[in-house]
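Biologist: Could you show me the model, please? I would like to talk through how its parts meet.

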Amino acid sequence: MRVGIIGAGPAGSLAATLLAQSGHEVILFEHKLGREKACGGGFTARALDAGALLESHVPCTSITELELLQDSQSAVLPLNAPFHVYARAESDVYLMNQATAAGALLQVRHVTNLFRSGSGWEVIADDETFHLDWLIGADGTHSRVRATCWRPFELADLSMTFGYYLPGKFHPQRAIVEFLPRGFPGYLWSFPRTGHSSVGIISTANHPPTKILRQYVDRFLRRYYGLPPPGRDQIYGAMVPTLRESTLRSNCCAGENWALIGDAAGFVDSITGEGIYFALRSARLLGLFAHEKSLKEFDRLWRQDFGEELVRSARLKQRFYYGGRWQRSYAEMLPSLTQQSRTVRKIENEFVAGKQGYVGLKWRIVRESPRILAELLFGR
Ligand SMILES: Cc1cc2nc3c(=O)[nH]c(=O)nc-3n(C[C@H](O)[C@H](O)[C@H](O)COP(=O)(O)OP(=O)(O)OC[C@H]3O[C@@H](n4cnc5c(N)ncnc54)[C@H](O)[C@@H]3O)c2cc1C
């Protein structure tokens, strides 16, 4: 098969590696080579497992503790399984080089048009036409492949991010997550990287305007690091898909000769914004189709593998950030629960490591609630 993969992010590059290794003729299109992406760059333990030996080849910061802030409360969660923070320019180039080493042909071109042609595809990239049997959309949030094969994301299925790259490291092994006032559907982060720190904020796209997001980040920088607002050249901003439950249920990510993976498919945790794991995992699942004649079954496979996790995160989002009528939001409660309960810290640790998902979380908490209650009342 002649396979065209649009986008050499983690999803596209890993899919290109796996399909090329299986003997397909793979063309990997990427228009922004080696660019630093708007991203925290946090690879959780499960993302590292799903990836391709990044740790030993790309410089990274190993995060061993997570500081949780909300209002005046704070708690430090020591991590049993550290997560790693990479500069995306470096991790993406490494994964892309893996793909070309496996035999994929890199085309540094901007894909401008896609047409169905017989049983395959015509892809127009910088005025050149490529004839392909399969088309894989790994072209991120604003995916042209998604818009052609299925439908673009609605605003309500997107989150807005805004942040800065700050030269220097402020707390080498520690990542910070600050939850904002109740009802703010997102959080602020500060992740140390090898040469700089990435400080940013994520919020549902149709909620606060960018001006407000910027004010939150500037206030955090002043309060936490005593820094003035950084210059324009240090700013980044981007959209990331965080799908609603209804969109996830109707989301179609494959047909006979096309498939969507990573952000283009909307595979991002709606609460945390974690997308790198799902980008890599979806690429791995796609790789299982290397010897099939049709890609259609991929749509069933991702649902079976991690679809329910994404659905649960979308369903829990409201409760997490807004709470109930008589109940505080989980975001408000997390720092004090973390500080006071050893069992909560254990569950959080397993969650960050990817060993405890949203599926089963509710029952785990119900099961452990007597112990948690005792820890809250009588000490950790
Ligand atoms: C600010 C921010 C912070 C984030 N932080 C984290 C984090 O810490 N941890 C985490 O797990 N996730 C994080 N995410 C989410 C994560 O960045 C994405 O889920 C992940 O990058 C998805 O990978 P991908 O390969 O699907 O898409 P991308 O990494 O977006 O790659 C898509 C590629 O396609 C290329 N492309 C697009 N259109 C075309 C075209 N027409 N022609 C040629 N090439 C094209 C692009 O240049 C790009 O390289 C963050 C997102 C944002 C916005």
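Biologist: How many residues of domain 1 are in contact with residues of domain 2?

Modeller: This is a predicted model, where local features need pLDDT of at least 70, side-chain atom pairs count only at pLDDT 80 or more, and totals for chains, interfaces and linings use all residues. Residues are numbered from 1 along each chain as its sequence is written. Two residues are in contact if their C-beta atoms, placed from the backbone, lie within 7 Å. On the domain 2 side there are 19 such residues, and on the domain 1 side there are 17.

Biologist: Where does the ligand lie relative to domain 1 and domain 2?

Modeller: The bounds, from an automatic or database domain assignment, are 2-60 + 85-153 + 244-314 for domain 1 and 156-241 for domain 2. The shell around the ligand holds 39 residues, counted as near if the C-beta atom, placed from the backbone, lies within 6 Å of it. Both domains give residues to this shell, so the ligand lies between them.

Biologist: Are α1 and α7 roughly parallel or roughly antiparallel?

Modeller: Good one! Helices here are DSSP runs (H or I, at least four residues), numbered from the N terminus. Axes are lines fitted to C-alpha atoms over the stretch in contact, with angles from 0 to 180 degrees between N-to-C directions. The axes of α1 and α7 come within 8 Å and cross at roughly 25°. Angles under 35 degrees count as roughly parallel and over 145 as roughly antiparallel, so α1 and α7 are roughly parallel.

Notes: Helices (H or I, at least four residues) and strands (E, at least two) are DSSP runs, numbered from the N terminus. Angles under 35 degrees count as roughly parallel, over 145 as roughly antiparallel, 65 to 115 as roughly perpendicular and the rest as oblique.
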